[in-house]
Amino acid sequence: MRDHTFPIGLSVRLKDRTYISPGAAETYRITAKLPWTSNWPQYRIRNDELGQERVSGEDNLEPIEWGMASPH
């Protein structure tokens, strides 16, 4: 089992927004690393502007900070 790829504080977006409200935030910041589920590390993410928080697996996140390539 590998470690979490993304650091706390990294700005990310969700790759798949299929089941998310159109009014949901576009970008989030990683606020915590959570235990693994379904073979992927999990993260708590937050959009401070809208006050939205959610949990997502690493497989559904992509970094958006300038110059950082996606590890997937």
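Predicted model: local features only at pLDDT ≥ 70, side-chain atom pairs only at ≥ 80, totals over all residues.
Residues are numbered from 1 along each chain as its sequence is written, and side-chain values use heavy atoms, with hydrogens and water left out.

Five strands form an open sheet in the order 4-3-2-1-5, with antiparallel pairing. Strand 4 and strand 5 (61-63) stand at the edges with a single partner strand each, so one side of each has no neighbour in the sheet. From one strand to the next, the twist averages 40 degrees; axes are lines fitted to C-alpha atoms, for helices over the stretch in contact, and angles run from 0 to 180 degrees between N-to-C directions. Strands (E, at least two residues) are DSSP runs, as are helices (H or I, at least four residues), and they are numbered from the N terminus. Two strands pair if DSSP finds at least two bridges between them. In general, strands of a sheet pair through backbone hydrogen bonds, either parallel or antiparallel.

Strand 2 (residues 27-37) pairs with strand 3 (residues 40-47) over six antiparallel bridges. T37 stands opposite W40 of strand 3, and A32 has R44 of strand 3 as its bridge partner. The two strands form a hairpin with two residues between them, and S38 in the turn has a positive phi of about 55 degrees. Strand 3 is also joined to strand 4 (residues 52-57) by six bridges, again antiparallel, with Q42 opposite G57 of strand 4. Four residues separate the strands of this hairpin, where G51 takes a positive phi near 70 degrees.

Strand 1 is joined to strand 2 by three antiparallel bridges and to strand 5 by three antiparallel bridges. V12 stands opposite Y28 in strand 2, and the bridge partner of V12 in strand 5 is P63. Strand 1 has a covered face, formed by V12 and L14, and an uncovered face, formed by S11 and R13.

The largest nonpolar core has 12 residues, among them V12, L14, Y28, I30, Y43 and I45. Strand 1 (11-14), strand 2 and strand 3 are the elements that give two or more residues to this core. A nonpolar core is a set of buried Ala, Val, Leu, Ile, Met, Phe, Trp, Tyr and Cys residues joined through side-chain atoms within 4.5 Å. Buried means under 20% relative accessible area, exposed over 50% and partly exposed in between (1.4 Å probe, protein chains only). Leaving out residues up to four places away in sequence, Y28 touches residues including L10, V12, I45 and R54, where contact means heavy atoms within 4.5 Å.

The structure holds one aromatic pair. F6 and Y43 form this tilted pair, at 5.8 Å centre to centre with 40 degrees between the planes. The pair links F6, in the segment before strand 1, to Y43 in strand 3, 37 residues apart. Both F6 and Y43 are buried. Rings of Phe, Tyr and Trp (its six-membered ring) pair if their centres lie within 6.5 Å; planes under 30 degrees apart count as stacked, over 60 as edge-to-face and the rest as tilted.

T5 also lies in the segment before strand 1, and its 32% relative accessibility counts as partly exposed. The side chains of T5 and E58 make a polar contact (2.8 Å). The C-alpha atoms of T5 and E58 are separated by 7.8 Å, although the residues are 53 apart along the chain. A polar contact is a pair of N or O atoms within 3.5 Å; within protein, one must be able to donate a hydrogen and the other to accept it, and residues adjacent in sequence count only if both atoms are side-chain atoms.
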